[in-house]
Amino acid sequence: MLGRSEAFSGYSVDDAAKARDFYGRTLGLEVSEENGILTLHVAGGAKVILYPKRNHVAATFTVLNFPVEDVDAAVDELVRRGVRFEIYSQPRLETDERGVLRGRGPTIAWFKDPAGNILSVLDPSRGS
């Protein structure tokens, strides 16, 4: 029934202006706004909506993944733009000093938006 529906995902933020600046200027995405709702226009024509929520609680899981050809190059560029990558040191989830996880599935690095939602850059072709 929904096989032809152009589905989209969305999640909340606590400050739409900060989110617009981060996703637009820092990450370089096209961002539009209508009635206080932000729309991220990502490659391939997909859209993600961000909606302000007064009692926002950041997601405790990855809400948006950005496939890239070179995770290290993406991390370098995003760090130059002010992004801080998460460092994990848990069993089965241990990143290097730059925040990159290697050898357990795709090479991946996680970071947060200003609202604390978890995002990632990953190279799906670099699986274990």
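Rings of Phe, Tyr and Trp (for Trp, its six-membered ring) pair if their centres lie within 6.5 Å; planes under 30 degrees apart count as stacked, over 60 as edge-to-face, and the rest as tilted. By this rule, there are four aromatic pairs here. The model is a predicted one, in which local features need pLDDT of at least 70 and side-chain atom pairs count only at pLDDT 80 or more, while totals for chains, interfaces and linings use all residues. Residues are numbered from 1 along each chain as its sequence is written, and side-chain values use heavy atoms, with hydrogens and water left out.

Let us start with one of those pairs. Tyrosine 88 lies in the loop between α2 (71-80) and β6, and tryptophan 110 in strand β9 (residues 107-112), so the pair ties together parts that are 22 residues apart in sequence. Helices (H or I, at least four residues) and strands (E, at least two) are DSSP runs, numbered from the N terminus. Tyrosine 88 and tryptophan 110 are both buried, where buried means under 20% relative accessible area, exposed over 50%, and partly exposed in between (1.4 Å probe, protein chains only). Elsewhere, ring pairs link Phe22, Tyr23, Phe85 and Phe111 into a cluster.

Now for the sheet. Four strands form an open sheet in the order β1-β4-β3-β2, with mixed pairing; two strands pair if DSSP finds at least two bridges between them. β1 (9-13) and β2 stand at the edges with a single partner strand each, so one side of each is left without a neighbour in the sheet. From one strand to the next, the twist averages 25°. β3 and strand β4 (residues 47-52) run antiparallel and are joined by four bridges; threonine 39 has isoleucine 49 in β4 as its bridge partner.

Helix α1 (residues 16-26) lies across β1, β2, β3 and β4, and runs at about 155° to β2. Here contact means heavy atoms within 4.5 Å, and axes are lines fitted to C-alpha atoms, for helices over the stretch in contact, with angles from 0 to 180 degrees between N-to-C directions.

Finally, a look at the backbone. Most residues other than glycine have a negative phi. Asparagine 35, in the loop between β2 (30-34) and β3 (37-41), has a positive phi near 55° and is exposed, with a relative accessible area of 74%. Arginine 92 sits in the loop between β6 (89-90) and β7 (93-94); its phi is also positive, near 70°, and arginine 92 is exposed at 65% relative accessible area.
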